[in-house]
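Hello,

Here is the structure I promised to pass on to you. Have a look at it first, and then read on for what turned up in it.

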Amino acid sequence: MIKSIILRRPVLVVFNVTRRCNSICTMCGIWKTPSKISEELTFEEIKTIFKDLKSYGIKHVFLQGGEPLLRTDIVQIVEVMLELKLNPSIITNGLLLKEDISQRLAKLKCNVGISLDTLDQNKYFKIRGVDGLKIVLGNIERISHIKSRKGSWNITSTISKINYGEAKDLYLFAKQKGFDYQAFPYNYSLCHSSALDDDLAYDKEPEKIIDSFKVLSKLAEEDGLIFNKLLYDEAIKYLEGDYCVPCDAMKNSILINQAGMVSQCLEFKPSLNLKNVRIKEALSKLDYSKVQNCYMKTPCFYGCTRAAGLFKRKSPEIFLYSLLHPRAAFNYVKSYF
Ligand SMILES: C[S@@+](CC[C@H](N)C(=O)[O-])C[C@H]1O[C@@H](n2cnc3c(N)ncnc32)[C@H](O)[C@@H]1O
Ligand code: SF4
Ligand code: SF4
């Protein structure tokens, strides 16, 4: 990690392990072009790529998709990461987090983010296109009774025009069930991975969404969660427009898709394949000016690029705050190291 920071190399890979999904969310474009299993990396290919990533200096890998739990070898993928001392985080819609897999994941030092945007059944159906709220809530309830979870488990919401009024309730729900909570604004600028839905889009009236992030910022501050507070404050700046803080895509994080292709971020089309080239060579060929153009003209606020970069950018502030609020430091270390 220190070598990567000195050499200014990315430390985070967002790895879309599959493009298959069991939901059809209106905010997401991924399910519209699903992968065939035969096009996806095999477990052995993933292992080879992970070894390359590790020797390059990558520290964290977000396993997402599509729906990552549709890969039947997802737990083995986590295990091999842990053997290589890579930090795994799974981001899932929670529909397949049944007893067995939850128990297996809880025993591993793997962070798990469960996407939950609403507690209302109709809104869930509108956002996710499937009638899955009861299933996800049932899974969350069962997981809340697992005594020891080695990784950090959180509930993550994408806040849009349809659910901004629920931000506080979702935060309190997560807290009550023993989960951390994070929320990000709905993105719909480039629409390679995202998708535009007029019922969710807020560009004509962002004020209410901004207010919901102000509420979240205050709650995070009250609970000593400085990183979340800083994140929400940045989200507010983004939602207020005029946000062109350099995006950390390629500097801090990169994307690898289900076939092993690399791109700058979720919204850019992947090109070079890690089955044929090493990560160092692939990154030397990716065009950073595309990222610069994008964050100046069509910025987004994805967690993988904005939140992870924020950690580095604001580390002096976070450090000072942590000295005064040891609980914040503990939450931090638990999640990221
Ligand atoms: C693409 S999904 C993949 C993992 C899994 N299928 C899930 O939904 O959690 C990763 C995260 O991106 C969020 N997401 C999807 N579309 C988005 C958008 N347009 N803007 C912001 N976040 C989005 C999802 O809610 C989820 O938390
Ligand atoms: S957000 Fe996740 S669950 Fe929804 S369609 Fe996209 S990949 Fe699937
Ligand atoms: S702002 Fe950054 S992460 Fe977002 S789409 Fe542009 S380059 Fe990608």
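Let me begin with Val130: leaving aside neighbours within four places in sequence, Val130 is in contact (heavy atoms within 4.5 Å) with Asn22, Ser23, Leu95, Tyr124 and Phe125. Val130 sits in the loop between α5 (121-128) and α6. Helices here are DSSP runs of H or I with at least four residues, strands are runs of E with at least two, and both are numbered from the N terminus. Along the chain Val130 and Asn22 are 108 residues apart, yet their C-alpha atoms are separated by 8.3 Å. Val130 counts as partly exposed because its relative accessibility is 21%; buried means under 20% relative accessible area, exposed over 50%, and partly exposed in between, with a 1.4 Å probe and protein chains only.

Before going further, a word on the background. This is a predicted model, where local features need pLDDT of at least 70 and side-chain atom pairs count only at pLDDT 80 or more, while totals for chains, interfaces and linings use all residues. Residues are numbered from 1 along each chain as its sequence is written, chains are lettered from A and ligands numbered from 1 in the order in which they are written, and side-chain values use heavy atoms, leaving out hydrogens and water.

Next comes Asn139, in helix α6 (residues 133-144). Asn139 counts as buried because its relative accessibility is 3%. Its side chain makes a polar contact with the side chain of Arg142 at 2.6 Å; such a contact is a pair of N or O atoms within 3.5 Å, where within protein one must be able to donate a hydrogen and the other to accept it, and residues adjacent in sequence count only if both atoms are side-chain atoms. Leaving aside neighbours within four places in sequence, Asn139 also touches Gly94, Leu95, Leu96, Leu97 and Lys98.

Now for the sheet. It is an open one of 8 strands with mixed pairing, in the order β6-β5-β4-β3-β2-β1-β7-β8; two strands pair if DSSP finds at least two bridges between them. β6 and β8 (262-263) stand at the edges with a single partner strand each, so one side of each has no neighbour in the sheet.

Strand β5 (residues 153-159) has 6 of its 7 residues buried. It pairs in the parallel sense with strand β4 (residues 111-115) over 4 bridges, and Gly113 stands opposite Asn154 in β5. With strand β6 (residues 180-185), β5 runs parallel and is joined by 6 bridges; Thr156 stands opposite Gln182 in β6, and the bridge partner of Ile159 in β6 is Pro185.

Finally, which helices pack at an angle of about 0°? They are α3 (residues 74-83) and α4 (residues 99-106), with axes 11 Å apart; axes are lines fitted to C-alpha atoms, for helices over the stretch in contact, and angles run from 0 to 180 degrees between N-to-C directions. The contact is made by Ile74, Val75, Gln76 and Val78 of α3 and Ile101, Arg104 and Leu105 of α4. Buried in α3 are Ile74, Val75, Ile77, Val78, Val80 and Met81, and their cover includes α2 (43-56), β2 (60-64), β3 (87-92) and α4. Just after α3, Lys85 takes a positive phi of about 60°.

Best wishes
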